[in-house]
Amino acid sequence: MIKIIAIVLIIFACGAAGFVMSSRLEKRVKLLTDIVTALTQMEMIVSYGNLPLTMALKQASQSIGGPFSEFLRDVAGLADDPGGGSIRDIWQEQLEKMIKTDATFECLLPVDIDIVRQFASTLGQTDLKNQIKNFTLTKARLEANLLQAADICSKRAKVYKSVGILAGICLAVVLI
């Protein structure tokens with residue numbers, strides 16, 4: 001009886017590990033999609049709406065869900081504060097805070113985080129034309145990463161799930 005329980009637990013644990021790894025890939029695709037969507041919204045608001053960047057941040061945060069929406073709301077709220085500092089500095093601080101505190105941001109690769117971090121380097125520092133170029137460049141880089149992440153996810157997600165379950169079954173057979 002104990003062997004049967006141990007076998008079931010081993011299969012479950014290994015299967016769960018495979019599902020967790022698969023989930024990480026899916027979360028990265030979702031988060032990159034949210035970031036690209038938010039940047040597109042911000043670009044449209046800034047270029048066509050002629051609204052300040054803080055308003056663009058607030059409106060973009062409403063168009064998406066998840067942790068990046070919260071990030072944009074936090075940046076906009078702190079940027080509205082008269083003593084809050086520059087948007088660039090606030091963006092950097094909030095990004096570091098989200099990376100440390102929000103588990104969803106852990107699924108991003110360092111290259112993804114660097115792109116988002118570099119975007120902030122000119123955020124609110126340049127004229128409208130250069131700001132739109134910055135949006136376009138950042139979106140293009142993130143979209144390339146998104147395509148790569150979606151490709152990896154479609155190839156590896158099922159593999160991770162299957163390998164996890166099969167590894168559990170193999171371990172169970174060895175223990176029998």
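A residue is called buried under 20% relative accessible area, exposed over 50%, and partly exposed in between, with a 1.4 Å probe and protein chains only. By that rule, Phe119 and Phe135 are both buried. The model is predicted: local features need pLDDT of at least 70, side-chain atom pairs count only at pLDDT 80 or more, and totals for chains, interfaces and linings use all residues. Residues are numbered from 1 along each chain as its sequence is written, and side-chain values use heavy atoms, with hydrogens and water left out.

**Overall architecture**

- The protein chain has six helices and zero strands, where helices (H or I, at least four residues) and strands (E, at least two) are DSSP runs numbered from the N terminus.
- Along the sequence, the pattern reads α-α-α-α-α-α.
- The radius of gyration of the protein chain is 21 Å, whereas a compact globule of 176 residues would have a value near 16 Å; the radius is taken over C-alpha atoms, and the globule rule is 2.2 Å times the number of residues to the power 0.38.
- Taken along the principal axes, the C-alpha atoms fill a box of roughly 70 × 30 × 25 Å.

**Surface and contacts**

- Of the 176 residues, 37% count as buried.
- The protein chain exposes about 9,700 Å², of which carbon and sulfur atoms supply 64%; accessible areas come from the Shrake-Rupley method with a 1.4 Å probe, and for residues only the protein chains shown count as cover.
- Contact means heavy atoms within 4.5 Å. Among contacts between residues at least 6 apart in sequence, 68% join residues at least 24 apart.

**Nonpolar core**

- A nonpolar core is a set of buried Ala, Val, Leu, Ile, Met, Phe, Trp, Tyr and Cys residues joined through side-chain atoms within 4.5 Å.
- The largest such core holds 42 residues, and Met42, Phe68, Leu72 and Trp91 have the most contacts inside it.
- Two or more residues of this core come from each of helix H1 (2-48), helix H2 (53-63), helix H3 (67-80), helix H4 (87-101), helix H5 (110-120) and helix H6 (128-175). H1 gives the largest share, eleven residues.
- Beyond its neighbours within four places in sequence, Phe68 is in contact with Leu31, Asp34, Ile35, Ala38, Trp91 and Phe105.

**Aromatic pairs**

- Rings of Phe, Tyr and Trp (its six-membered ring) pair if their centres lie within 6.5 Å; planes under 30 degrees apart count as stacked, over 60 as edge-to-face and the rest as tilted.
- This rule gives a count of five aromatic pairs. One of them, Phe71 with Trp91, is edge-to-face, at 4.9 Å centre to centre and 85 degrees between the planes.
- Phe71 lies in helix H3 and Trp91 in helix H4, so this pair ties together parts 20 residues apart in sequence. Both Phe71 and Trp91 are buried.
- The ring centres of Phe119 and Phe135 are 5.2 Å apart and their planes are at 55 degrees, so that pair is tilted. The pair links distant parts of the chain, with Phe119 in helix H5 and Phe135 in helix H6, 16 residues apart.
- One aromatic cluster is formed by Phe68, Phe71, Trp91, Phe119 and Phe135.

- Thr138 lies in helix H6 and counts as buried at 5% relative accessibility. Leaving aside neighbours within four places in sequence, Thr138 is in contact with Leu39, Ile115 and Phe119.
- Tyr160 is also found in helix H6 and is partly exposed, with a relative accessible area of 25%. Not counting residues up to four places away in sequence, Tyr160 touches Gly18, Met21, Ser22 and Leu25.
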